[in-house]
Every structure is written in structure tokens, then in C-alpha cells.
Amino acid sequence: LFRSLSSNVTNDSICSGTSLIITAPPAGYSNYTFYNGTTILQNSNNPQLTIPTISAGTYSFSVLSDYLGCTYKTASLNYTVVPPPNVILSSNPNKDTVCFGDTVIITANPAGYSQYDFYSGTTLLQCSSSNIYLGSNFLQDSTYKISVIAKNYLGCIGSASLVKTFFILHQSNVSLLSQPTSGNICSNDSIILTTSPSYYLHYSFYNNSSLIQSSANSSCTIT
């Protein structure tokens, strides 16, 4: 005789970590043997099986019960248990020091989850179905510790990703001096342009939009 099992969870796809309680009707029989496939999970007079935190995998639960020498078998109760989302962050540029004003593209992999929450510390930056965050408004002289929490189609929420840290450099400010200082000079005279400070790694000198010199030299001579 087949009987149906009941459960506190009606959906056959559930999140790992869910508490599952399976009940074999009716109560009062002398013995209930709970199976997952052919593996015995519990053998007692208790008509309920409690799994406090079920692990990811596929399950097929059934019960054999004894009453007055008769054996009763239930139909199977099947579950697919889905693991929580696990994401890894990548970035472009792939470095922890970023120039002020640059856009940092942060990607949570893999794509395809229903929701991605991007955080800087405990501050929520973006909550959407997009696995990409464009960081274009970062403040100079500031450190950002980015992490992501994802949610799948069942509503299973994963743990926060490993943190990706960015430091936004101070905006470069330079002053330009010229020798001679007059705005009117003779043809064939040289103009010496000098920037201050002189400790930056690279300097590009322009005449309007035309590049004159690009190097580590903080001065430029125009002849």
C-alpha cells in the first residue's frame, strides 16, 4: 500500500541550508524507516524526519512503515537542493591603484544570477540583475573595498565575495611657467616651459590639441 509523504517545503527545488521536515502518515505505527534512495536516514517509531540544514544535491525520500505485521511503503518525495551563489570579482583596470576620474569596471562572475548587490564596505552601490558595476564617481584620496552578494532564481543568497580594494589617487595639479614670460617674442627665439611640481612620472605638453612632447621630463623647449 502506497502512502504520500508530506513536507514543510512544497517546492521541489530548494536552497541548501533549508530546514526540511518530512512526515510519514499516519502516526502511531510501530516503526518508520526513512530512506534517501537506498540509504537509511532514520529507523525508529518517529513518523517525522528532520534535516536541520540540507546540503546541495538531489534527494529521493521514501518511508517503509510497519503496523501489525504489515509493511507500508510511501511514494517517493523528490528534491533538488541548489547551492548558494558564489561569485568572484574581476576589474578593469586590474590594479588596486586607480587615477582619479577613471572608470573602474567591476564584474561579478559568473553572470546569470537573478540579483547582484555591489557594496563598498557596508554601503550599497548597486542592486540589480546586472553583474557589472561601473565605478565612475569615486572620490580622490579614498579607499574602496568592493564586495558582491548574489541571489539566484530560488532566492538563495550567497556569502559575500572576496573583497577587491581600490585606492583612488589624488588628482594631479601642475603649474606652468615659461621663459621668456612675455607673450610677444621674436621668431627663432626659444621658449622654455617648466612645470611644477617635477616629481610626476609623465608630462605631456600641448599646443592647443597638438602634442608637442610626451616624456618624464617636466620641462619642454620649443625652438
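Q: Is Y29 buried or exposed?
A: This is a predicted model, where local features need pLDDT of at least 70, side-chain atom pairs count only at pLDDT 80 or more, and totals for chains, interfaces and linings use all residues. Residues are numbered from 1 along each chain as its sequence is written, and side-chain values use heavy atoms, without hydrogens and water. Buried means under 20% relative accessible area, exposed over 50%, partly exposed in between (1.4 Å probe, protein chains only). Y29 has 10% relative accessibility, so Y29 is buried.

Q: Which class does the aromatic pair of Y113 and Y116 fall in?
A: Rings of Phe, Tyr and Trp (its six-membered ring) pair if their centres lie within 6.5 Å; planes under 30 degrees apart are stacked, over 60 edge-to-face, the rest tilted. Here the centres are 6.1 Å apart and the planes stand at 45°. The pair of Y113 and Y116 is therefore tilted.

Q: Why does Y113 count as partly exposed?
A: Y116 is buried, with a relative accessible area of 1%. Y113 counts as partly exposed because its relative accessibility is 23%.
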